Amino acid sequence: MDWFKLAVNRPPNELFDEFMIHTLCIVEEIWKERNRRFIGEKEADILRITDLISLKIKDHLVVSSKNLPEVLSWTPPPSSSICCNSDVAISTSESVLAAVFHNEWGNVVAIKTATTPATNPMLAEALVVCLVTDLVVSLGMTNILFQSDNLSVVKEFEVLTSPVANFRLQSAKGRFMHSCSKFIDWGIIHISRKCNFMAHNVAKWVARNKVEGRICPDALDASMLDDLVEWDPHPVTPLHTNLYIYEINTYRVYSSTR
């Protein structure tokens, strides 16, 4: 890196940051292909590898130049559709997956949470989208818009027919593809973290209270149900709260102590 910081050691008119982005993207993809071949997986076509490198470079250049467009307001789904925002809360031993469902008027119609032993952030973000698809299928819904603040997951999932660029997401994408084949209309878009706080707040609350399943919105503090404001939990003190958690057709009431 010190060597290439000197302009004379780089190609003409090539900035250091751009040069390093190109270099690291190339090295990363070559290393992944080396690992695939080392463990006996099918060799990737060289044209496919160069395409992946080009896409990765473009993504990194957009982010580094801060030209990534941000959606700073909640985007309603089309008429007669459901929109779902998702996020995760990750600890050293597990991840909490949280999904918040809105109708076309912005009303919260369902909240679903679960836990997974996966602690890789990108994998956890992919799994929470899969959690959403499973629930939507079980409810018989056929029109849904997914919103995620993880750009890598969105790019991987938005084109079902494209080969998996990240091997960590291979199983999750297969699960996602299987569920989406049952929908009439669906889409997945990237949104800014700045307007995805509701799902983030729910994930953080669930991680603190150690509950999961379908959660009634009325059981949550109103300050948590805001897409544009991050929830600031009160200091943990001994208190009793009633958490109303329900499944699709039955209500079950649990009492928990924080």
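**Talking through the model**

Modeller: A search of the whole structure turns up 1 cavity of 30 Å³ or more. Before we look at it, bear in mind that this is a predicted model, where local features need pLDDT of at least 70 and side-chain atom pairs count only at pLDDT 80 or more, while totals for chains, interfaces and linings use all residues. Residues are numbered from 1 along each chain as its sequence is written, and side-chain values use heavy atoms, with hydrogens and water left out.

Colleague: Why is that space called a cavity?

Modeller: On a 1 Å grid over the protein atoms alone, a cavity is a set of points where a 1.4 Å probe fits but cannot get out. The largest cavity has a volume of about 30 Å³, a volume being the space filled by probe spheres set on the points, which are joined across faces, edges and corners.

Colleague: Which residues line the largest cavity?

Modeller: The lining is Cys 84, Ser 86, Val 129, Val 132, Phe 146, Gln 147, Ser 148 and Ile 188; to count, a residue needs an atom within 4 Å of a point. Helices (H or I, at least four residues) and strands (E, at least two) are DSSP runs, numbered from the N terminus.

Colleague: What classes of residue make up that lining?

Modeller: There are 5 nonpolar, 3 polar and no charged residues. Ala, Val, Leu, Ile, Met, Phe, Trp, Tyr, Cys and Pro count as nonpolar, Asp, Glu, Lys and Arg as charged, and the others, Gly among them, as polar.

Colleague: H4 came up just now. How does its span compare with the expected one?

Modeller: H4 covers residues 121-138, which is 18 residues, and reaches 26 Å from its first C-alpha to its last. The expected span is 1.5 Å times one less than the number of residues. For H4 that is 26 Å, so the span is close to what is expected.

Colleague: What sits at the ends of H4?

Modeller: Asn 120 caps the N-terminal end, with a side-chain oxygen 3.1 Å from the backbone nitrogen of Met 122. Just after H4, Gly 140 takes a positive phi of about 80°.

Colleague: Why do Glu 33 and Arg 37 count as a salt bridge?

Modeller: The rule asks for a side-chain nitrogen of Lys or Arg within 4 Å of a carboxyl oxygen of Asp or Glu. Their closest N and O atoms are 2.7 Å apart, so the pair qualifies. Being 4 residues apart in helix H2 (residues 16-38), Glu 33 and Arg 37 are separated by about one helical turn. Glu 33 is buried, at 5% relative accessible area, whereas Arg 37 is partly exposed, at 42%.

Colleague: How many salt bridges does that rule give?

Modeller: The count comes to 7. Among them is Lys 173 with Glu 156, at 3.5 Å from N to O. Lys 173 lies in helix H6 (residues 170-180) and Glu 156 in helix H5 (residues 151-157), so the pair ties together parts 17 residues apart in sequence. Both Lys 173 and Glu 156 are buried.

Another is Lys 204 with Glu 230, at 3.3 Å from N to O. Here Lys 204 is in helix H7 (residues 197-209) and Glu 230 in the loop between strand E6 (213-214) and strand E7 (240-246), 26 residues apart.

Colleague: Why do you call Asn 85 buried?

Modeller: Asn 85, in strand E1, has 0% relative accessibility, so it counts as buried. Its side chain makes a polar contact with that of Asn 196, at 3.1 Å. Such a contact is a pair of N or O atoms within 3.5 Å; within protein, one must be able to donate a hydrogen and the other to accept it, and residues adjacent in sequence count only if both atoms are side-chain atoms.

Colleague: What makes Asn 13 worth a look?

Modeller: Most residues other than glycine have a negative phi. Asn 13 is not a glycine, yet has a positive phi of about 60°. Asn 13 lies in the loop between helix H1 (2-5) and H2, and is exposed at 80% relative accessible area. Lys 210 also has a positive phi, near 55°; Lys 210 sits in the loop between H7 and E6, and at 63% is exposed.

Notes
1 Å grid on protein atoms, 1.4 Å probe; cavity = no way out; pocket = protein on both sides within 12 Å on 5 of 7 lines; lining within 4 Å. Buried < 20%, exposed > 50% of the residue type's maximum accessible area, 1.4 Å probe, protein only.
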